[in-house]
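Reader: Could you walk me through this one, with the cut-offs spelled out as we go?
Author: Gladly; have a look at the structure and then ask away.

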Amino acid sequence: MKKAYLLLADGTLFAGYSVGCEGQSTGEVVFNTGMAGYQEVLTDPSYFGQIVTMTYPLIGNYGVNAEDFESGKSWVSGFIMREAAYHPSNWRCEKTLDQYLKEQNVVGLAGIDTRQLTRKLRNAGVMNGMIYTEGYAPDAAAIEAMKAYVVQNAVKTVTCAEPTVYPAVGETRYRVALYDYGVKYNIERELQKRGCEVTVLPALTPPEQVVGKFDGVMLSNGPGDPAENVEIVENLKRLLTSGMPIFGICLGHQLLSLAIGAETCKLKYGHRGVNHPVKDLDEDRTYITSQNHGYAVVSDSVDPEVARVRYVNLNDGTVEGVEHIGRPVFTVQYHPEVCPGPMDTSYLFDKFIENIEKTRGGAR
């Protein structure tokens, strides 16, 4: 095994061994607390520009299989774990994690104290870093570039190039437009099995190409700073006047909130894991949710005459979803479609379908 290293922007150096592709890679270092789901993490476009640290100590123990991917490729800038499993055991395993990382040109690092790294990120906040393997040590210019690194043009990088139609499972009852800001396959699957023909659209598709042609609109998850997407926010302002049912997830929630005049802020270390408690203020009920985001909607910035905060995070009180007043529009910050993870909130897709039925006069 070749030696490999993680250099953080504050000068901290972790030494371990190489997993996956050899080389040098820069990104924003974050952590995910899920005990499973590493291949979903690797293929989630929301991790674009980030080096992901898995806090669970053994990663790769059930291998990798194509059926569980959330997109067609890996989007992470690097992958860090305490121990890599080179001999996975699972009947669905098709290849090892090391093989997959090599195929995807992902620079990985194992053998470091991920608990120490996670504590540093929790205390200091997420920070830039660089993974490099033996023989790829960075020079002064590369280190300065790492320190100055910013995740930019994220949505434009991960979105699809042209529309793609996914048929419903069984009878087609509804036609849904799904804006791809970095969409995960499971959002499409949840809609398809509810009788929706899903058309995945590029992020900058004008609302005029959607209004009157679909029964409802989904806004997907995605990476980066939501406030960067000025053109998308302007499109959503026009889309909101259409009266169409809209359901926004994660980045879709943040962008729709910006469209109604709310503000977003960057969290110290974000929410990334599968066990975040969220309270539904209407039902006085708590759900365990899967999350992956580094930004949040500022609660006080939501105009109570336009929308109300319905869901809050019980760990830190941040906004986890809003419901619009007088419109069939709602959003959540967490992931109701997630696999693996708690499926407690998958009913939200049924709520979206109910809004479609009420707005369009029932099933076709």
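Reader: Before that, what kind of model is it, and how are residues numbered?
Author: It is a predicted model, in which local features need pLDDT of at least 70 and side-chain atom pairs count only at pLDDT 80 or more, while totals for chains, interfaces and linings use all residues. Residues are numbered from 1 along each chain as its sequence is written, and side-chain values use heavy atoms, with hydrogens and water left out.

Reader: Okay, is Val-76 buried or exposed?
Author: Val-76 is buried, its relative accessible area being 8%, where buried means under 20%, exposed over 50% and partly exposed in between, with a 1.4 Å probe and protein chains only. Val-76 sits in the loop between strand 5 (58-59) and strand 6 (78-80); helices (H or I, at least four residues) and strands (E, at least two) are DSSP runs, numbered from the N terminus.

Reader: And which residues is Val-76 in contact with, leaving aside neighbours within four places in sequence?
Author: With those neighbours left aside, the contacts of Val-76 are Val-41, Leu-42, Tyr-47, Gln-50, Val-52 and Val-106, contact meaning heavy atoms within 4.5 Å.

Reader: What about helix 8, how many of its residues are buried?
Author: Nine of the nine residues of helix 8 (residues 251-259) are buried, so this helix is largely enclosed by the rest of the structure. Among them are His-253, Gln-254 and Ser-257. Helix 8 is followed by Gly-261, which has a positive phi near 100 degrees.

Reader: Switching to the backbone, which residues other than glycine have a positive phi?
Author: Asn-105 is one of them, with phi near 60 degrees, and Asn-153 is another, with a phi of about 50 degrees. As background, most residues other than glycine have a negative phi, and most peptide bonds are trans. Asn-105 belongs to the loop between helix 2 (97-103) and strand 8 (107-110) and counts as exposed because its relative accessibility is 60%. Asn-153 is in the loop between helix 4 (140-148) and helix 5 (154-158), and is partly exposed at 44%.

Reader: Where is there a cis peptide bond?
Author: The bond from Cys-339 to Pro-340 is cis, with omega near -5 degrees, and Pro-340 is found in the loop between strand 19 (329-332) and helix 9 (347-360).

Reader: Now charges: how many salt bridges does the structure hold?
Author: It holds 24 salt bridges, each defined as a side-chain nitrogen of Lys or Arg within 4 Å of a carboxyl oxygen of Asp or Glu. In one of these, the closest N and O atoms of Arg-310 and Glu-323 are 3.0 Å apart. Arg-310 lies in strand 17 (residues 307-313) and Glu-323 in strand 18 (residues 319-324), so the pair ties together parts 13 residues apart in sequence. Both Arg-310 and Glu-323 are buried.
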